[in-house]
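The sequence and the model are shown below.

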Amino acid sequence: MFNSLLRRFGMLIALGVSSLLLQACSPEAVLPNVSLEQARAEHEAGKVLMIDIREPQEHATGVAQGVVLLPMSQVAQRVAEIPKQADQPVLLICNTQNRSRAVTEALQEQGFTNIRYVHGGMSEWAKRGWPMVKPQDLVGPNKP
């Protein structure tokens, strides 16, 4: 099981935080997060930068308008693209919140203080019928 976690969270290892793998899955670790409703409101009001860390095949199912697409598998190589300034709030969203929670913790270990993860993720967003676009129709910070 640990080897499967290592493969799935290879980005975390690349960031030098392999000890966080098990902690990130434990209920004791309290990380800054927002509800799906709050995330949508802040994102649509332009108060935060929302980054969708799902993989491209997941993005193909639909994304929130204006999100930045940064697959978890690329975070370690592209970490410089994530704003680190305290006055630029960043929300990480994945499918259910497991990966975004782990990446939030990893980035905090790298000194990021402006990162929160979205509780519920895009699976819940889609279940609620909230607006989604295909990545090729994306307008905003990360238009391909």
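In which sense do S4 and S5 pair, and over how many bridges? The two strands pair in the parallel sense, over three bridges. Pairing here requires that DSSP finds at least two bridges between two strands.

The model is predicted: local features need pLDDT of at least 70 and side-chain atom pairs count only at pLDDT 80 or more, while totals for chains, interfaces and linings use all residues. Residues are numbered from 1 along each chain as its sequence is written, and side-chain values use heavy atoms, with hydrogens and water left out.

**Overall composition**

The secondary structure of the chain comprises eight helices and five strands; helices (H or I, at least four residues) and strands (E, at least two) are DSSP runs numbered from the N terminus. Along the sequence these elements follow the pattern α-α-α-β-α-β-α-β-α-β-α-β-α. Of the 144 residues, 48% count as buried, where buried means under 20% relative accessible area, exposed over 50%, and partly exposed in between (1.4 Å probe, protein chains only). The accessible surface comes to about 7100 Å², and 52% of it belongs to carbon and sulfur atoms; the areas come from the Shrake-Rupley method with a 1.4 Å probe, and for residues only the protein chains shown count as cover. Among contacts (heavy atoms within 4.5 Å) between residues at least 6 apart in sequence, 70% join residues at least 24 apart.

**The sheet**

The five strands form an open sheet in the order S1-S5-S4-S2-S3, with parallel pairing. S1 and S3 (68-69) stand at the edges with a single partner strand each, so one side of each is left without a neighbour in the sheet. In general, strands of a sheet pair through backbone hydrogen bonds, either parallel or antiparallel. The pairs in this sheet are listed below.

| Strand pair | Sense and bridges |
|---|---|
| S1 and S5 | parallel, two bridges |
| S4 and S5 | parallel, three bridges |
| S2 and S4 | parallel, four bridges |
| S2 and S3 | parallel, two bridges |

Individual bridge partners locate these pairings in the sequence. Val34 has Val118 of S5 as its partner. Leu91 stands opposite Arg116 in S5, and Val90 stands opposite Ile115 in S5. Met50 is partnered by Leu91 in S4, whereas the partner of Ile51 in S3 is Val68.

S4, H7 and S5 make a right-handed β-α-β unit. Right-handed here means that, with the strands pointing away from the viewer, the path from the first strand over the helix to the second runs clockwise. H7 lies across S4 and S5 and runs at about 175° to S5. Such angles run from 0 to 180 degrees between N-to-C directions, with axes fitted as lines to C-alpha atoms, for helices over the stretch in contact.

H4 lies across S1, S2, S4 and S5, at about 120° to S5. Its buried residues are Leu36, Ala39, Glu42 and His43. They cover an arc of only 135° around the axis, which puts them on the same side of H4; the arc is that of the directions from the helix axis to the C-beta atoms. The buried residues of H4 pack against S1 (33-34), S2 (49-52), S4 (90-93), S5 (115-118) and helix H8 (121-127).

**Backbone and local features**

Just after H4, Gly46 takes a positive phi of about 75°. Most residues other than glycine have a negative phi, and most peptide bonds are trans. Gln97, a residue other than glycine, has a positive phi near 115°. Gln97 is found in the loop between S4 and H7 (98-109), and it is buried, with a relative accessible area of 17%.

Is Gln57 buried or exposed? At 58% relative accessibility, Gln57 counts as exposed. Gln57 is found in H5 (residues 56-59). The C-alpha atoms of Gln57 and Pro71 are separated by 9.9 Å, and the two residues are 14 residues apart along the chain.
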